[in-house]
Amino acid sequence: MTDNSTPLSSRHVIDRLGIVIFALAVAGLFCPFVLFRANRIVAGEARYALDALPGWPGYFLLAAVGTGAVLALLRLDSRLRLAVSFAALAILAVGLGWAVDSVTPAGDKISRTAPALGFWLELLAFGLLAADSVVRLGLKPLSRIALLIAVSVAIATILLSGIWSDLSVLREYANRADVFWREAATHIALALGSLVAAALVGLPLGIAIHPTKRLRAVVTGLLSAVQTIPSIALFGLLIAPLAWLAATVPAAAAIGIAGIGAAPAMLALFLYSLMPVVSNTLAGLDAVPPAANVAARGMGMTDAERLLQVQLPLAFPSILAAIRIVLVQNIGLATVAALIGGGGFGVFVFQGVGQTAMDLVLLGAVPTVALAFASAVILDAAVELVSVKGRT
Amino acid sequence: MKIGALSRLAVLILLGVFLARPDWFGWLFTPLTRNGQAAIYTQNSLLNLTLNHLAIVAAATLAGSIVAIGLAVLVTRPAGREFLPLSRTLANAGQTFPPVAVLALAVPVLGFGAAPTLLALFLYGLLPIFENALAGLASVSPDVQEAARGTGMTDGQRLLRVELPLALPTILAGIRISAIISMGTATIGSTVAASTLGETIIAGLINSNLAFVAQGALVVGALAIIVNTSLFAIERHFSRYRRDQR
C-alpha cells in the first residue's frame with residue numbers, strides 16, 4: 001500500500017477479496033438455479049437459469065450477474081461496490097421469483113420449487129460483497145440502523161408483492177400462516193420475557209453482591225456453571241421440579257406452570273440470561289473511576305443517590321452490552337424450547353428435520369436468524385451510541 | 001482452588017461409577033417414573049453414548065481449532081490483510097446463528113446420523129476460536145514484534161516463537177467456549193439420529209419418562225462442567241506460565 005511506483009499493475013486494480021467473490025459468482029452461473037419437484041416428496045429436477053427463464057430475462061440475469069462479478073474484482077469506491085451488490089441482489093431476487101413462476105405449471109398448488117445451488121452461490125457472493133462494503137465504509141451506529149431498516153423494507157416489499165408466492169418456503173408458510181404467527185409470538189415472548197426477568201433480578205443481584213468479594217465469587221461461579229449445561233439438558237432437568245410443583249401447588253398449575261411446555265423453557269432461558277447480566281453489572285460498577293465516587297461523596301450524596309446518579313449511569317454501556325448478548329443468545333436458544341413443547345420457531349425446524357422437509361426447516365430457521373441478526377445490529381449500535389456519549 | 005479440584009474429582013468419580021454401573025442408581029430414578037416404567041435407559045449403554053458424545057465433540061473441536069487458527073494466522077499476515085475486516089465481521093455475525101439452525105440445515109446436505117452433527121459442530125465451533133485467535137494475535141504489541149525482528153528472527157520463527165505463544169491463553173479460551181457450545185449442540189444432534197447423550201433425553205420426552213430425561217441431563221451437565229473446568233485449568237496454567245516468563 002505504501003509503494004506508488006506502479007499504479008497500474010494488477011495489484012492496484014484487482015481486489016483480493018474480489019477474486020473470491022468473482023470465483024463464487026462465476027461458479028454459480030454454471031450451477032442449477034432452481035429445483036423443481038412435482039410434489040413435496042419426490043426427488044427434484046434441477047433447472048438452469050436459461051431453462052427456468054426463457055428468452056431475454058434469462059440472458060439479462062446472466063449478464064447482470066457476470067457484470068457484477070467483474071465489477072467486484074475491481075478496486076472501486078466502497079459506496080459503488082455496495083450499490084453493485086444491492087443491484088445484483090435485487091435482480092437475483094426478482095429473477096428467482098420469475099424463474100419459480102415460469103417453472104410452476106399454471107394453477108398448480110402441490111409442486112414445490114426451491115432455490116438451488118446456483119442461486120445460493122450468487123447470494124453468498126453478493127452478500128459477501130455487501131458485507132465487505134459496509135465494513136469498509138465504517139458506518140456510524142445510526143447509519144447502520146438506517147441501512148438495516150432499508151434492507152428490511154426491501155425484503156418486506158418483495159414478500160408482500162407476491163413475486164415469491166410460488167416459492168416452496170412460502171407455500172409451506174401459506175399452509176400454516178396462523179400457526180406461524182402464533183409460534184413467532186411465542187418465540188419473541190420466550191426470548192424477551194426471560195430477558196426482562198433476568199434484568200429485573202440480575203441488576204439488583206449484581207449491585208447487592210458487588211461490595212462483597214466472597215459472595216461475588218460464589219454467585220458468578222454458580223451462574224457460570226449453569227451456563228455450561230447444554231440447553232436441552234437444562235430444559236430436561238427443570239421438567240421434574242416444575243411437574244412436581246404443578247402437581248402439589250394448585251395455584252401454580254392454575255397460572256399455567258407445568259412440567260412440559262413454556263414454563264421450563266422460560267425458566268431455563270432466565271437462568272442462562274442471569275450470568276451475562278450479573279457479570280456485566282459487576283464489570284460496569286468496577287469500571288466506575290474511584291474519583292467519581294469520591295467526588296459524589298464529597299458533594300454530600302447518599303449511597304442511594306450515588307448509585308442512581310453516578311454509578312449506574314457510568315455502568316450503563318456495560319449493562320446494555322449484556323442485554324445484547326442475552327437477547328441474541330435467547331433468540332437462538334428459544335428454538336430448542338420446541339423439543340419440550342414450549343413452542344417457538346423451533347417447532348418448524350424440528351418438524352422439518354423429522355419430515356426431511358428442508359423448506360419447513362428454513363421456515364423456522366430464517367426468521368430466527370433474521371431476528372437474532374437484527375437485534376445484534378440494533379443493540380451493537382445502541383451500545384456504541386451510549387459508550388460515545390459517556391466518554392464526552 | 002484446592003476445593004475446586006477436589007469437587008471436580010468427586011464429580012468425575014461419581015460420573016464414572018454411574019456410567020459403569022447405572023443399575024446401582026436405579027432406586028434414585030424410580031420416583032420419577034410412572035406405571036412401572038424402566039428407571040434406567042438400556043436401549044444403548046450410557047457409557048457408549050458418553051464416549052460417542054465426547055468423540056464427536058473432540059473431533060469437531062480439533063478440526064475447528066486447526067482450521068480456525070490457520071485462518072486467523074493467514075488474515076493477520078500482510079498477504080491476507082485485505083480479508084481481515086470482513087472475516088472479523090463474519091465471525092461476529094456468524095455467531096448470531098443459532099447452533100440448532102446450523103444443525104438442521106446440515107441434514108439435507110449430509111443426511112441423518114453423526115455426519116451432519118459433526119459438520120454443524122465444526123462450522124459453528126470455528127467462530128469463537130477464530131475470533132479469539134484474531135484477538136490474541138492482534139494483542140501482541142508492536143514493540144515485541146520489533147524486538148523479535150531485531151534479534152534476526154524470520155517471519156516464520158516470529159510466528160511460532162513469539163506471536164502464537166503470546167496469543168495462546170486467548171486461543172485456549174476460544175477453544176474452551178467452542179467445546180462447551182459443541183457439548184450442547186451434540187446433545188441436540190440426537191434429533192438428527194446422532195448417537196449422543198441427547199438420545200436418552202429425547203427418548204424420555206417421547207415416552208414421557210422423566211427418569212430418562214433426568215439421567216441424560218445429569219450426565220451431560222456433569223460432563224459439560226468437568227470439560228469446562230478442566231479446560232479452564234489448562235488455560236490458567238498457560239497464562240500463569242506466560243506471566244512467569246516475563
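# Reading contacts, helices and cores

Biologist: Let me start with one residue. Leaving aside its neighbours within four places in sequence, which residues is T76(B) in contact with?

Modeller: T76(B) is in contact with R81(B), L134(B) and L137(B), once neighbours within four places in sequence are left aside. Keep in mind that this is a predicted model.

Biologist: Where does T76(B) lie, and is it buried or exposed?

Modeller: T76(B) lies in helix α3 of chain B. For burial, look at relative accessible area: under 20% counts as buried. T76(B) has 11%, so it is buried.

Biologist: How far apart are the C-alpha atoms of T76(B) and A20(B)?

Modeller: They are separated by 47 Å, and the two residues are 56 apart along the chain.

Biologist: Now whole chains. How many helices and strands does chain B have?

Modeller: Chain B has ten helices and zero strands. Read from the N terminus, its elements run α-α-α-α-α-α-α-α-α-α. Its C-alpha atoms fill a box of roughly 75 × 45 × 25 Å along the principal axes. Of its 246 residues, 48% count as buried.

Biologist: And what is the secondary structure of chain A?

Modeller: Chain A comes to 17 helices and three strands. Its C-alpha trace spans about 80 × 70 × 30 Å along the principal axes. Chain A has 392 residues, and 46% of them count as buried.

Biologist: How do I read a helix pair? At roughly what angle do the axes of α7 and α8 of chain B cross?

Modeller: Look at distance, angle and residues in turn. The axes of α7 (residues 142-150) and α8 (residues 155-188) of chain B come within 11 Å and cross at roughly 160 degrees. That angle makes α7(B) roughly antiparallel to α8(B). Their crossing is right-handed. On the α7(B) side are V144(B), Q145(B), A148(B) and R149(B); these meet R158(B), V162(B), E163(B) and L166(B) in α8(B). By class, this contact has four nonpolar, one polar and three charged residues.

Biologist: Which classes make up the contact of α13(A) with α15(A)?

Modeller: First the geometry. Helix α13 (residues 262-286) of chain A packs on α15(A) at about 155 degrees, with the axes 8 Å apart. This makes α13(A) roughly antiparallel to α15(A). The crossing is right-handed. Their contact has 13 nonpolar, eight polar and no charged residues.

Biologist: Which other helix packs with α15(A)?

Modeller: Take α9 (residues 177-209) of chain A. The axes of α9 and α15 (residues 303-333) come within 10 Å and cross at roughly 145 degrees. The crossing of α9(A) and α15(A) is right-handed. By class, this contact has 13 nonpolar, three polar and no charged residues.

Biologist: Next, cores. What is the general idea?

Modeller: In soluble globular proteins, nonpolar side chains tend to be buried together. Here the largest nonpolar core has 70 residues. Among those with the most contacts inside it are I232(A), L234(A), L15(B) and F29(B). Helix α10 (residues 210-245) of chain B gives the largest share of this core, 13 residues. A second, separate core has 34 residues, including F33(A) and L170(A).

Biologist: Which residues does L234(A) contact, apart from its neighbours within four places in sequence?

Modeller: L234(A) is in contact with V226(A), I229(A), A268(A), L271(A) and Y272(A).

Biologist: Last one. What about backbone angles?

Modeller: Most residues other than glycine have a negative phi. A193(B) has a positive value, near 70 degrees. You will find A193(B) in the loop between α8 and α9 (198-206) of chain B.

Technical notes
Residues numbered from 1 in each chain as written. Chains lettered and ligands numbered in written order. Heavy atoms only, no water. Axes fitted to C-alpha atoms, helices over the stretch in contact; angles between N-to-C directions. Helix = DSSP H or I, 4+ residues; strand = E, 2+ residues; numbered from the N terminus. Parallel < 35°, antiparallel > 145°, perpendicular 65-115°, else oblique. Left-handed = near helix turned anticlockwise from the far one by under 90°. Contact = heavy atoms within 4.5 Å. Nonpolar A, V, L, I, M, F, W, Y, C, P; charged D, E, K, R; others polar. Core = buried A, V, L, I, M, F, W, Y, C linked by side-chain atoms within 4.5 Å. Buried < 20%, exposed > 50% of the residue type's maximum accessible area, 1.4 Å probe, protein only.
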